[in-house]
Amino acid sequence: MSAALDGVAAVGRGAIGACRTIGALALFGGAGLSHLLRPPFYGRMFLRAFVEFAYFSLPVVALTAIFSGMVIALQSFTGFARFNAESAIAGVVVLSVVRELGPVLAGLMVAGRVGAAMAAELGTMRVTDQIDALDTLSTNPMKYLVAPRLLAGVIALPLLVLVADTLGVLGGFIVSTVKLGFNPATYLINTVNFMTMTDVLSGLAKAAVFGFLIALMGCYHGYNSRGGAEGVGAATTSAVVVASILILAFDYVLTELFFAR
Amino acid sequence: MMSHALRAMNGAHPKIRIRGLRKSFGAKKVLDGVDLDVPAGSSMVVIGGSGSGKSVLIKCILGLIEADAGTIEIDGADVLRMDRRARDAVNARIGMLFQNSALFDSLPVWENVAFGLLAQRRTSRAEARARAGEVLAQVGLDASVGDLSPSELSGGMQKRVGLARAIAAQPEIMFFDEPTTGLDPIMGAVIDGLIVDCVKRLGSTAIAITHDMASARRIGDAAAMLYEGRIVWSGPAGALMESGNPVVDQFTHGRREGPIQMQLRR
């Protein structure tokens, strides 16, 4: 009986802890966003975060996208050839890349690269008193450190996803025309015919949400890190893992929202 | 016994007046009713062992840690009951030198020094840079150091830059958290000398926390000892070594035997 009650208590503690974390995250994100609406604005901090998010993530996102597009074309061909449906490959590639793989893979790559870097930077600033120093210099750390990063995430990831979409489709085009013998003009016409503006915009909307989540997790875990180097390491790990899980969970929710009939 | 005597000495309302300040972390009472007066223009040194709550005291005054109870008055206004905007206005009049300098490692030295000017005063970058050069000279550093990254500086130079950042906005109040920790004795004396020079030149009111007795005597006009969450003694800094208080005597002379029992885990 006692063991059973202990189990129930543990579940209760876990649930309360989860609610507390969700509440803290919501307050943290809300505070960060509210600072975007009130001066002073730190344009240099935004530019720095934007360059980190967008420019320095380009190579990894580009490589991921182009290889993913190539793999989808190849895999689709082996499956569709059984039903003589090879002509649908261009549509499968473009819809897969634009709706799903572009935003999700770019999000996961950026979470690993930028989310980790944000958590480590803010975590180090926390344990070396740099965040406290901002306060003593009459600078609100949420406004100076968090708000510019949230904005950079929301703007930069959709731009990265546009690049990922283009390169993913290009990857499928290269494999389909060079290896599988498709006619280039026919492939491109099929691609354009299958794709709608809704597909592109839904992917970009997902990317904006994912960018916000990556920045939020990086900032939240870094900002609240404790306990020296070990704490910074734990914050970095948490930022990447939680952001990755949230990206996949929100991907389902947003897909349901955009496309469920 | 309490520092009310300092107010009587000065004969005016203290610049900083702390009454009944309490702060606990879980079951651990770190500050348990701290009373402290710091007269305007004086330097108060707070001494105490590691983990005695000295840093927590300063962080409560700055609003970096939320106190559980008590009052902290600066120029008669209770900062614990101020909104964020009013609190920021008070903090703008305070300079702080952190124990590990806490320089922003993503910024060059000159931007660290001029950070407060750039962030709040809306000074142009050219003016801020010129001002940073002037302040660096006041702490004995060449203006060319301004182009370096904080990671390229020695510990002593980082302290000087931290001090330059603290005085750049010419604050009315200055806090020094363990200013000589990690420095050799000569560099410690140099930093203490710079602190005294800066405080005197600006006419600031200062609180320094330390467990370095030589540093305490060099920096302070007055001293107070924090023990078990309370101020157990206060008086002139020159009387630290002959206070007549058994707790202070044990601490200042570094005796193993006495009323202070070190918390050792076995």
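Strand 10 of chain B is mostly covered, with 5 of its 7 residues buried (under 20% relative accessible area, where exposed means over 50% and partly exposed lies in between, with a 1.4 Å probe and protein chains only). Strands here (E, at least two residues), like helices (H or I, at least four), are DSSP runs numbered from the N terminus. The model is predicted: local features need pLDDT of at least 70, side-chain atom pairs count only at pLDDT 80 or more, and totals for chains, interfaces and linings use all residues. Residues are numbered from 1 along each chain as its sequence is written, and chains are lettered from A.

Strand 10 of chain B pairs with strand 9 (residues 222-227) of chain B in the antiparallel sense over 6 bridges; pairing requires that DSSP finds at least two bridges between two strands. In this pair, B:Ala224 stands opposite B:Ser234. The hairpin of the two strands has 2 residues between them, and B:Glu228 takes a positive phi near 50 degrees there.

Both strands belong to an open sheet of 6 strands in chain B, ordered 6-7-8-3-9-10 with mixed pairing. Because strand 6 (94-97) and strand 10 (230-236) of chain B each have a single partner strand, one side of each is left without a neighbour in the sheet.

Elsewhere in the sheet, strand 7 (residues 173-177) and strand 8 (residues 205-210) of chain B pair in the parallel sense over 5 bridges. Here B:Phe175 stands opposite B:Ile207. Helix 8 (residues 185-202) of chain B packs on the sheet, touching strands 3 (43-47), 6, 7 and 8 of chain B (contact means heavy atoms within 4.5 Å).

Technical notes. Side-chain values use heavy atoms; hydrogens and water are left out. Axes are lines fitted to C-alpha atoms, for helices over the stretch in contact, and angles run from 0 to 180 degrees between N-to-C directions.
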